[in-house]
Amino acid sequence: MPVLEGKELRIVGFLCNWCSYGGADTAGVGRFAQPTDLRVIKLPCTGRVNPLFVVRAFLNGADGVLVSGCHPGDCHYTAGNFYARRRLEVLRELLDVMGIQPERFHYTWVSASEGQKWKQVVSDFTARIHELGPATSFSSCAAVAVETGMKTAI
Amino acid sequence: MSQHTLELRKLIAEALPGLDVVLAWTSGFSPMTSTPLFIATDEDLDRLDFGPMHVQNLAAYLPSLKGRKVGIVTRGCDSRTIIELLQENLINRDEITIFGISCTGAINIRKVREAVGGEKLRSVETGKDIVSVTTDEGTHTVPLHNVLMDKCYSCQSQTPLIHDHMVTERTGCHLTGEAPESSLDRLDAMEPAARFAFWEESMDRCIRCYACRNACPLCVCKDSCVAQSRDPHWLDQSDTPREKLMFQAIHALHTAGRCTECGECERACPMGIPVLAMKQALNRRIKHLFDYQAGMDEESTPPLFMFRQQEEHIKERDAR
Amino acid sequence: MSTVRFLKARDIAPWLEELSRDRTVLAPAQHGGTIVFCEFDPARGVELSQLSTTPAKRALLPPCETLFEYETTKTLEPPYKTHVELRPTLPQGKAVVFGARPCDARAMQIFDRVYNGEQVKDPYYTARRNNATIVTLACSEQDDTCFCDRVGGSPVDATGSDVLLTPLKAGYVAEALTPKGEELLQSTSFMKAEGLRQEALNARNRILEHVPERSSFLDMERNLLSLFGDLGFWDKTAEACLSCGACTYLCPTCYCFNITDETRGESGRRIRTWDNCMSSQFTLEGSGHNPRPTKAHRMRNRIGHKFSYYPQLHDKTLACVGCGRCVSNCPVSFDIRNAVACAIQQADAAREHAHD
Amino acid sequence: MTSNPPNVYLPDMATIVEVVQETPAIKTFRVVLNNEERMRAFNFEPGQVGQLSVLGVGESTFVINSPPTRKDYLQFSVMKVGELTGRLHRLKAGDQIGVRAPLGNAFPYESMKGKNIVFIGGGIGMAPLRTLLLFMLDNRADYGDITLLYGARSPRDMAYGYEVEEWLQRKDMHTVLTVDNGTPEWKHKVGLIPNILREINPSPENTVAVTCGPPIMIKFTVQALQELGFNDEQVVTTLEKRMKCGVGICGRCNIGTSYVCKDGPVYTLAQLKQLPAEM
């Protein structure tokens, strides 16, 4: 798939070191073409994903956030993804009430051998974010205007 | 003074010699306000008062008084906070003496002000089902049901779920019928972009006083809160809606599955920002996903401190 | 003789719009059930019916202000050298503060002694101060939390103002008190009204007649000192305090700030932001040592600063203007008036005891 | 437009010319202002402090511990305790640093002339004393007997080792070293500073004691000095407080009416006793 020339959106991916990062690697080694909007951050485990990482990413201007880890039952640390699943489900509601469309956030499980699945997840999620378009961002507020100094005298 | 209050004073007077301090309420600078009362002597006790205007959740002081023998006057909602604190081992049950009272609803003075169109309040008298409000412009009668604290509409019990002493129970409650529209209802009715804009505008007036945090009985790391930490640097000190909204997200997620919706965060906010709505939304989800409400059972584990291999209510989704 | 003009209530918004063309205009406006001092927005209008929730101080001390921007550049080849460029960002442009109350305006003079003193001049503050014109609205009455009269002010005090507005039927008598004030009153939004000078004075006197006789907090700065060794007193005073910053951030005279660096990549800015002496982090040192470790210490410093330290350093002027915002907005209804009255009483008792 | 006052918040950029690892936790930085004119004109008195900036991290206060009589560079010693000091410790010669100095008051070195001086320094508290000590040694004839009692937790925590050796050799001063925990190689005293001070038993006659160290050490040292007959005017100390603006505005370093950044950091015990107990 070609790069979306100049039209990339900002998608942040939090990937666990043991499964999904490996899966992404497998997809790369297999030369599966994927969209390039995703910026990957490697973490030891989805259990390390503080849901606030996701919130921070959105507030800093991400258009989509993807979390991917080992399949339930396959966690390298036994239970990290079980905790993550609960937290990330709850997170969806917070995003929603904050006015960040929950569809912009997705979590999934991809193992190190699932290069093809990884390609599918990235392609589907990127397509979804492109359908949604850029996320709502902060406009310049009165406070900002005051803070940056009074208007230059004419 | 009500019979109820007299009985409460008598109960406390009997127990006071064995306690370091008893937490209760008294009136603030006007009868429309209340302030926590720390009772150590009989003279302090003479100032105790209780009614629909006495609003603070006194359990917020308990963690900081750990190690002392503390008595606490407790309504149903406050008892949920105490239970949650016990669940998390933040306080010791044997150090606390609970004086239970049955509550008929607490008034949200901000709603009273709204109900009379923002006119300057002179006095507020509570009747059985109504509040009689005198303002600069005249006297208004407002149904009590419309001006209660948000938590009253999701009240689980008028009387505390745990107690050591109990003032004779009262029946009857100011709750009659459906809850009026809440901030969360209003947010639910909005499009996501409007919701985002709502928060941006609200956060624009946030002064970052952290009253929401400091009034929260479950925010127990106040003095080393990430809000002011440089390492990790979760928040920029810039006074922008972005950073201030981020703090609210931090507060909501740090109390997810623990928050009993006592509403102190929102009540304490001097800028009238409906910060409780975020926590209510999370609680709604947690109730649905895990069939759990915080502060109901001393023995249960908060849902985000545990997991099940098969989650009955979690449905995995596709990326598309 | 200073200029006197009349401003019809309905001419306020057009006048502020006119001023907004070449100045920043700050005025109180409704904002989600509170009244906030913010940049004038015709859509929001102006709210003058009650004392604003936030004070006017942000005109001179914004909640967040950039001191300078910095940028680090590194040479890519040996000898590797770093170069740091600093760009100060002094505020420019004129501002008008409309609808400050006498307490707000008086508070600005309290800042002046610190930020524009003989020894130190804060360049950011002085730039804003020199370019700001303060239009103050005299209060028609005191709220139950007001106590300006007990700290040296009054509901109609003109201290620190450039223009004083006195409410009369359907509008305001505007009196210029300084050359900056004179300049503003040249606008065609005002009507000529030299004859209303006396009427405005009468109106203000009627307001003053309603100010109750009550004990003053003036001249207590030395008496209070005797209480500063009694931490037990402060413990009791502060027991319900949540250590939040509602009181300090809403206080028109609280001026403490923090300085932090906020960086993105190789560049960033050094900012100063309002800070709160009631927070334990305020004085916490890198080593973990904290000179004001409990809320009792911090309450002592807060009350001490306003009613003893500042007046000792600055001609007995209290660093409290009695606006009552800290009282009406405190989540636990802490009443600084009671606390100070108790402190004075206790200090007097201690002194008498010492004399016995 | 009126002319702007000088910007008290804007640091001078400076280059670190040398870094000395004093102890495992203390490094000394020798810095030169980039603006040659400003460096030449730089004047200060012993005891004054400066704010060091690492841009992006922040600022913190340190005493200028080189004496005004030696002006090739300005020297600051930094103990690693927090975020900023941690970052400072990672800097090397050639790196850039911001300096706002001099700030605060100085030791009363004029009124100390003709008097005997007892220096009592604990740990990093030796840094401000070093300034005054070197200044006095450079103006040796102006002062009476000079005694130095310098203590640290262990021998390896003793800063300025290269100078301490010289001080021990000097005939015109009396140097006593002590550590809390000795080692077999340690040839000096072992014991807490206040106790060693009692052993030395300096006469309060025409003497000023200058002390600096951690709060707990100061507390007991002051007690010992009082036992030895020193009055409150004869005890001088220099304080450390969390500071931001450095010019008496921002309001966090005050002890009652006194702003440590501007009215301090040097106080006599008599002055401190007039202020609330918020050390």
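Glu18(C) touches Ser187(C) and Ser189(C), leaving aside residues up to four places away in sequence; two residues are in contact if their C-beta atoms, placed from the backbone, lie within 7 Å. This is a predicted model, in which local features need pLDDT of at least 70, side-chain atom pairs count only at pLDDT 80 or more, and totals for chains, interfaces and linings use all residues. Residues are numbered from 1 along each chain as its sequence is written, while chains are lettered from A and ligands numbered from 1 in the order in which they are written.

**Glu18 of chain C**
- Glu18(C) sits in helix α1 (residues 12-20) of chain C; helices (H or I, at least four residues) and strands (E, at least two) are DSSP runs, numbered from the N terminus.
- Because Glu18(C) has 15 C-beta neighbours inside 10 Å, it counts as partly exposed; a residue is buried with 20 or more other C-beta atoms within 10 Å of its own, exposed with 12 or fewer, and partly exposed in between.
- Glu18(C) and Ser189(C) are 171 residues apart along the chain, and their C-alpha atoms are separated by 9.0 Å.

**Chains A and B**
- In chain B, 35 residues are in contact with 36 residues of chain A.
- On the side of chain B that touches chain A, α9(B) gives the most, with 8 residues.

**Chain D**
- Chain D has 7 helices and 15 strands.
- The C-alpha trace of chain D spans about 60 × 45 × 35 Å along its principal axes.
- Of the 279 residues of chain D, 50% count as buried.
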